[in-house]
Amino acid sequence: MKNNTPLHLSSHLPSLWRGWGWAPEGWSSLFLLLPFFLFTSCDKADNTYTTRAVSFTFSPTTSVPMLHSALNNMGEYVTVRVSGGRFLFHSLGGDTTWPMTEIDRRTIRMGLSGFIIGLPTMPELGQTFSRPVCYELSCPNCYDEHHITRDLTLMHDGRDSCGLCHRIYDPNNQGIISSGADGKKLDRYHITYSGSVTNAVSVY
């Protein structure tokens with residue numbers, strides 16, 4: 001005769017737990033541990049980006065060729081700063097400026113010194129193609145250790161150097177230190193780029 005008695009998983013869990021060498025007193029112990037695992041997972045994911053608040057939007061990127069080129073060509077980078085009511089763009093090919101609008105003046109937040117924006121030479125782990133990245137322009141270790149905002153310098157091999165602590169960072173490899181004393185990697189910001197749709201880039 002067929003047994004239609006429903007199977008209750010909760011009635012079998014204690015024996016399963018004992019088989020695993022772990023027998024908490026009821027469900028409450030399991031639920032008490034869930035926030036720990038969730039917090040640990042979120043904390044690990046959040047370490048990729050700094051929590052520093054920034055806000056920058058520029059469109060169309062085609063109006064500044066060096067910015068547009070850095071967003072579309074692997075291994076190219078451009079720095080972005082603000083001074084005297086203008087955006088200052090710098091790449092290994094030269095410099096250019098662009099006037100800020102009144103909206104820009106009220107909403108732009110450029111971090112400590114500005115940004116390093118570009119397209120890495122290789123995709124990150126788990127990605128099939130390279131995507132634009134944005135890092136803080138100031139050396140993270142000089143700021144943490146001495147509270148000094150020291151701008152990094154773009155190098156011809158695609159890396160960034162600090163003239164004060166002499167560390168060299170690799171933006172093509174998630175901003176890690178590739179030469180010099182141990183320390184933090186580059187502070188990273190979120191970035192979106194619409195490509196040929198609207199040619200708009202946003203950092204946040």
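**View 1. Strands β5 and β6 run antiparallel and are joined by four bridges.** In this predicted model, local features need pLDDT of at least 70 and side-chain atom pairs count only at pLDDT 80 or more, while totals for chains, interfaces and linings use all residues. Residues are numbered from 1 along each chain as its sequence is written, and side-chain values use heavy atoms, leaving out hydrogens and water. Look for Ile117, which stands opposite Cys134 of β6. Strands here are DSSP E runs of at least two residues and helices are H or I runs of at least four, numbered from the N terminus; two strands pair if DSSP finds at least two bridges between them.

**View 2. Strand β6 (residues 133-136) is covered on both faces.** Val133 and Tyr135 are buried on one side, and Cys134 and Glu136 on the other (buried means under 20% relative accessible area, with a 1.4 Å probe and protein chains only). Two bridges also link β6 to the antiparallel strand β11, where Tyr189 is the bridge partner of Cys134.

**View 3. Ile117 belongs to the largest nonpolar core, which has 22 residues.** Such a core is a set of buried Ala, Val, Leu, Ile, Met, Phe, Trp, Tyr and Cys residues joined through side-chain atoms within 4.5 Å. Helix α3 gives the largest share, four residues. Beyond its neighbours within four places in sequence, Ile117 has contacts (heavy atoms within 4.5 Å) that include Phe56, Leu67 and Val203.

**View 4. Strands β7-β8-β9-β10 form an open antiparallel sheet, in that order.** β7 and β10 stand at the edges with a single partner strand each, so one side of each has no neighbour in the sheet. Thr153 stands opposite Ser161 in β8.

Terms used:
Buried < 20%, exposed > 50% of the residue type's maximum accessible area, 1.4 Å probe, protein only.
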